[in-house]
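Welcome! Here is a short tour of a protein model, meant for someone meeting it today. Please have a look at the sequence and the structure before reading on.

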Amino acid sequence: MFRKILITGGTGQVGAALLATAPPRARLAAPSSQELDIRNPASVNHAFAKWRPDFLINAAAYTKVDRAEDEPELAFALNAEAPRHLAAACAAAKCPMLHLSTDYVFDGAKASPYVETDAPAPINTYGKSKLQGEREVASTLNAHLILRVSWVFSATGANFVKTMLGLAARDELSLVSDQRGTPTSAHSIALAVWRILGRWAKAPSYGVYHFASQPETTWHGFAAEIFAVASKLQGLKRTPRLRAVTSQGYPAAASRPLNSVLDDTRLQRAFGLSAADWRPELARIVQQLA
Ligand SMILES: NC(=O)c1ccc[n+]([C@@H]2O[C@H](COP(=O)([O-])OP(=O)(O)OC[C@H]3O[C@@H](n4cnc5c(N)ncnc54)[C@H](OP(=O)(O)O)[C@@H]3O)[C@@H](O)[C@H]2O)c1
């Protein structure tokens, strides 16, 4: 294991899960965004001088997909320019970097799950900013691993599971049923990251990898599962009727890919991981939120 691991975004869904699941021997520094503002190169350099990390995990990002359409400068500052600052500091310190990215780098037109060699073609500002960030990292630092994840949920932060549970008293909800993806718990992402780091120390594997859970579903299917689990574990007496709508019938500021399913065979083979199932994770989190 690495001697000192610097984690950005420690208050976010994935960052908090990384801190909660870190191996006992790991020495971590997880400064707040006030202490380390990744948009500011001086702040990044100061953090590297202070903590002298020998590995960086960048879990900080701008993740508001719809709002990014109205504030693209902020999305690009955090998702594209900041990863470049971080990668430059890593290059100077000879410190490898694991950078988190997203399924939204794809346009969703492919019928089957996306593999790492598929050409990205983002269709919204968030996806464009994240793809730019991937490119900045890859061109600035050789020792990098970009881990694309999708549909992240956890007991903390803003996510679809918490939104649905907050709407449980409604009579009816309209849910998009033509966007496919794989919900993935922040906890399972964190465990995969620690596995990657454990192996990396022995055999570094650079490049882009996908991490996803099984099985694929739609937002409508995910909501149905959330309410089924909540009825069982939280004793909800009644749940909303779920009305299936198409993306066209559900206007949002940002377009979203119809297919967001990631194929993570490459990651499984390289790091000895097995396919994760998001449903037990959902049950654990719904119980936690009860
Ligand atoms: N959420 C999803 O569904 C999803 C899907 C696919 C991929 N991803 C990717 O997965 C990764 C983790 O996402 P997440 O859902 O865990 O994110 P999140 O919960 O939105 O957390 C974002 C984190 O970034 C930090 N941050 C914001 N501005 C910062 C700044 N200027 N300097 C330093 N830190 C700053 C936030 O700190 P504060 O709390 O202090 O603001 C927070 O800790 C991201 O790369 C994201 O693009 C997420």
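This is a predicted model: local features need pLDDT of at least 70, side-chain atom pairs count only at pLDDT 80 or more; totals for chains, interfaces and linings use all residues.

Two packed helices are described by the angle between their axes and the distance between the axes.

**Helices α3 and α4**

- The crossing in which α3 passes α4 is right-handed.
- On the α3 side, the contact is made by P72, A75, F76, N79, A80, P83, R84, A87, A88 and A91.
- Facing them in α4 are T125, Y126, K128, S129, K130, Q132, G133, E136, V137 and T140.
- Sorted by class, this contact of α3 with α4 holds ten nonpolar, six polar and four charged residues.

**Helices α2 and α3**

- Helix α3 also packs with helix α2 (residues 41-51), at an angle of about 35° and with the axes 9 Å apart.
- Here too the crossing, that of α2 and α3, is right-handed.
- From α2 the contact takes P41, V44, N45 and F48, while α3 brings H85, L86, A89, C90 and A93.
- The class count for the contact of α2 with α3 is seven nonpolar, two polar and no charged residues.

**Helices α1 and α6**

- What angle do the axes of α1 and α6 make where they cross? They cross at roughly 60°, and the axes come within 8 Å.
- Helices α1 and α6 are therefore oblique to each other.
- The crossing of α1 and α6 is right-handed.
- Residues Q13, V14, A17, L18 and T21 of α1 touch A186, H187, I189, A190, L191, V193 and W194 of α6.
- Nine nonpolar and three polar residues make up the contact of α1 with α6, with no charged ones.

**The second largest pocket**

- The second largest pocket has a volume of about 190 Å³.
- Its lining has 14 residues, and those nearest the centre of the pocket are A17, S154, A155, H187 and Q288.
- Which helix gives the largest share of the lining of the second largest pocket? That is α1, with five residues.
- Helices α1 (13-21), α6 (186-200) and α9 (278-289) each supply at least two residues of this lining.
- By class, the lining of the second largest pocket comes to seven nonpolar, six polar and one charged residue.

**Two backbone spots to look up**

- The peptide bond from Q214 to P215 is cis, and its omega is near -10°.
- You can find P215 in the loop between β11 (213-214) and β12 (217-218).
- K94, a residue other than glycine, has a positive phi, near 50°.
- Look for K94 in the loop between α3 and β4 (97-102).

Technical notes
Residues are numbered from 1 along each chain as its sequence is written. Side-chain values use heavy atoms; hydrogens and water are left out. A crossing is left-handed if the near helix is turned anticlockwise from the far one by less than a right angle, and right-handed if clockwise. Helices (H or I, at least four residues) and strands (E, at least two) are DSSP runs, numbered from the N terminus. Contact means heavy atoms within 4.5 Å. Ala, Val, Leu, Ile, Met, Phe, Trp, Tyr, Cys and Pro count as nonpolar, Asp, Glu, Lys and Arg as charged, and the others, Gly among them, as polar. On a 1 Å grid over the protein atoms alone, a cavity is a set of points where a 1.4 Å probe fits but cannot get out, and a pocket is an open set with protein on both sides within 12 Å along at least five of seven lines; lining residues have an atom within 4 Å of a point. Grid points are joined across faces, edges and corners, and a volume is the space filled by probe spheres set on the points. Axes are lines fitted to C-alpha atoms, for helices over the stretch in contact, and angles run from 0 to 180 degrees between N-to-C directions. Angles under 35 degrees count as roughly parallel, over 145 as roughly antiparallel, 65 to 115 as roughly perpendicular and the rest as oblique.
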